[in-house]
Amino acid sequence: MKIGVFDSGVGGLTVLRAIRKRFSRVDIYYLGDTARVPYGTKSPETVIRYSLECAEFLSERSIDVLVVACNTASSYALDTLRATLSVPVIGVVEPGVTKALSCTRGIVGVIGTSATIKSNAYQSRLKAAGVEVYSKACPLFVPLVEEGLLEGEITQRVIEMYLKEFKDIGIDTLILGCTHYPLLKGAIQEFLGNVEVVDSSDAVAEELSCIVRDEGNAKTELFFTDMSQNLENLIEVILGNKLQPKILKEWAHRA
């Protein structure tokens with residue numbers, strides 16, 4: 001089987017890692033749209049267009065299922081993708097909400113890009129389940145990750161700036177509503193202390209178990225639309241090996 005995964009940058013590799021851990025033999029094709037990262041500052045219409053372009057590229061690899069490893073795209077483009085593609089499309093929002101509801105004692109914080117938070121995708125689902133919800137956009141987290149600043153004084157100061165109010169409120173569970181954010185999970189966990197920090201990578205892999213057979217050639221191909229300075233290092237940090245990315249240079253000129 002062939003699984004296509006796309007994200008606005010490198011963060012979705014955390015989802016790829018979880019999928020590969022569960023399915024050792026499937027073929028996985030990953031597309032990171034690093035030329036146009038972040039999606040979280042774009043309009044819904046632009047996010048939908050970008051998502052359709054990424055899906056079209058992966059569909060050319062004859063994928064059997066598409067994983068939208070981007071919270072912003074999952075919030076705005078999932079319905080359009082499902083109406084357009086002939087294969088199952090899995091997002092990251094629903095699995096993340098389900099996992100958080102299984103952990104929380106009643107007070108959940110949600111962080112994400114500006115677009116994800118504005119979409120209300122997480123908040124509406126959590127509130128419908130009777131949970132008290134606090135949300136905040138953390139737009140500087142994505143460039144921190146993209147630049148490889150996963151720890152250190154700058155990262156600690158940004159985390160404190162965004163999350164101090166959550167700590168004061170006393171949330172018991174925090175949803176990382178962006179696939180870049182798990183790379184900051186250790187630093188976030190250290191700052192918040194006794195709070196359950198949830199990312200949806202494992203939950204996505206679990207959901208795929210219902211539709212994916214672990215069959216294939218165990219191929220993993222990584223495509224990116226631009227070569228950032230820390231790309232190869234981040235690939236190794238996230239996946240644990242030095243897979244060579246293929247750069248789609250023509251995408252750098254797309255608006």
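In what follows, Ala, Val, Leu, Ile, Met, Phe, Trp, Tyr, Cys and Pro count as nonpolar, Asp, Glu, Lys and Arg as charged, and the others, Gly among them, as polar. The model is predicted, so that local features need pLDDT of at least 70 and side-chain atom pairs count only at pLDDT 80 or more, while totals for chains, interfaces and linings use all residues. Residues are numbered from 1 along each chain as its sequence is written, and side-chain values use heavy atoms, with hydrogens and water left out.

On a 1 Å grid over the protein atoms alone, a cavity is a set of points where a 1.4 Å probe fits but cannot get out, whereas a pocket is an open set with protein on both sides within 12 Å along at least five of seven lines; lining residues have an atom within 4 Å of a point. Points are joined across faces, edges and corners, and a volume is the space filled by probe spheres set on them.

The largest cavity holds about 60 Å³ of space; of its 15 lining residues, Ser8, Cys70, Thr72, Thr113 and Cys178 are the closest to its centre. Its lining comprises five nonpolar, nine polar and one charged residues, with at least three drawn from each of domain 1 (2-91 + 203-253) and domain 2 (93-200), bounds that come from an automatic or database domain assignment.

The largest pocket, of about 230 Å³, is lined by 17 residues, of which Ser74, Leu78, Arg82, Glu94 and Arg125 are the closest to its centre. Because domain 1 and domain 2 both give residues to this lining, the largest pocket lies between them.
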